[in-house]
Amino acid sequence: MKQFFSIDDVDDLKSLIQEGLEVKKNPFKEKGSIRNKSICLLFLNPSLRTRLSSQRAAQNLGVDVTVFDVGAGGWQLEFADGAVMNGNKAEHVKEAAQVIGSYFDLVAIRAFAKLEDRESDYSEQVLSQFLKHCPVPVVNLESSTRHPLQAFADLITIETHKKIEKPKVVLTWAPHPRALPQAVANSFSLWTQKAEYDLTITHPEGYELAPEFSGNAHIEYDQEKAFEGADFIYAKNWSSYSDYGKILSEDKNWMVDEAKMNLTNDAKFMHCLPVRRNVVVSDAVIDSANSLVIEEATNRIVSAQTIFNKILKNE
Ligand code: CP
């Protein structure tokens with residue numbers, strides 16, 4: 001593997017999931033097999049899981065890891081080609097990416113959507129610039145439109161718990177007080193369809209994902225109808241793609257609660273975290289025996305470790 005920006009960098013998803021399940025069973029099997037390699041984790045935005053699970057993943061492999069918060073200690077970076085840099089951005093990504101790449105063997109980056117300009121966010125300016133200028137492999141730790149390490153961890157979680165080959169998986173929009181990017185929903189939709197699960201996406205009108213991400217998923221505007229017979233419920237808020245970055249609905253009726261979970265086939269509950277309790281999901285659901293949210297977060301070590309190992313060994 002040469003880079004991990006999106007699902008397009010995965011040759012064989014079934015094999016990748018099997019590798020992930022092996023890592024989950026035996027996390028220290030590869031420790032010491034990679035010598036004298038180092039990883040830099042670059043954060044332009046906050047994180048709990050991605051930051052800590054990526055560090056654990058590198059440590060499980062015996063690889064040196066450095067975390068750099070670009071906004072707290074680094075120069076403000078310019079990403080626009082041809083920019084006249086007479087403002088407050090002191091360094092261009094063209095130099096920064098080459099310098100960082102000269103210090104490390106793999107660079108992983110988190111850069112969220114700004115939700116101001118759809119074209120700019122969907123052009124993936126930050127990740128594209130690193131992919132172009134960084135001389136070593138680049139890994140996506142959540143970009144403007146994608147969160148592939150999360151989606152890979154989600155698939156490992158579903159594979160561990162599914163009772164039938166192609167479970168009914170429902171991605172449900174849920175309310176949130178702040179406008180959030182579409183990245184997690186986009187990647188979840190792409191990865192679950194590639195895994196050939198039976199995917200339904202449910203949301204209020206106006207929250208349709210970009211067509212290249214919703215793909216052939218069944219879209220159902222009636223949340224209760226969508227939940228009927230579901231094996232997995234994956235809750236997530238996202239802001240509007242069509243009315244870009246806007247909150248169009250704060251309808252509290254879309255919160256996932258026990259009454260809705262009772263419509264399912266005893267479904268497992270999933271969320272990538274962090275989650276707003278009693279806004280996105282009720283305490284009763286997230287604290288229930290069917291909630292997989294902690295295992296899902298733990299599997300973030302597995303997804304990062306599997307990808308770092310493949311890239312550093314060029315497998
Ligand atoms: N799920 C996830 O990416 O969590 P963090 O934002 O805390 O890294």
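Predicted model: local features only at pLDDT ≥ 70, side-chain atom pairs only at ≥ 80, totals over all residues.
**Reading the ligand site**

Reader: Which side chains have a polar atom by an oxygen atom of the ligand?

Author: Serine 47 has one at 2.7 Å from a ligand oxygen. Histidine 147 places a side-chain N or O atom 2.8 Å from an oxygen atom of the ligand. The protein buries 92% of the 250 Å² that the ligand exposes when taken alone.

Reader: Which residues surround the ligand?

Author: Ser47, Leu48, Arg49, Thr50, Arg110, His147, Gln150, Cys272, Leu273 and Arg300. By class, that shell holds 3 nonpolar, 4 polar and 3 charged residues.

Reader: Now the domains. How is the protein chain divided?

Author: Domain 1 covers 7-147 + 300-314, and domain 2 covers 150-296. Their contact takes 28 residues from domain 1 and 34 residues from domain 2. Taken over C-alpha atoms, the centres of the two domains are 25 Å apart.

Reader: Why does the ligand lie between them?

Author: Check who supplies the shell. Domain 1 and domain 2 both give residues to the shell around the ligand, so the ligand lies between them.

Notes:
Residues numbered from 1 in each chain as written. Heavy atoms only, no water. Near = heavy atom within 4 Å. Polar contact = N/O pair within 3.5 Å; in protein donor to acceptor, adjacent residues only side chain to side chain. Areas by Shrake-Rupley, 256 points an atom, 1.4 Å probe, with all protein chains shown as cover. Nonpolar A, V, L, I, M, F, W, Y, C, P; charged D, E, K, R; others polar. Domains from an automatic or database assignment. Contact = heavy atoms within 4.5 Å.
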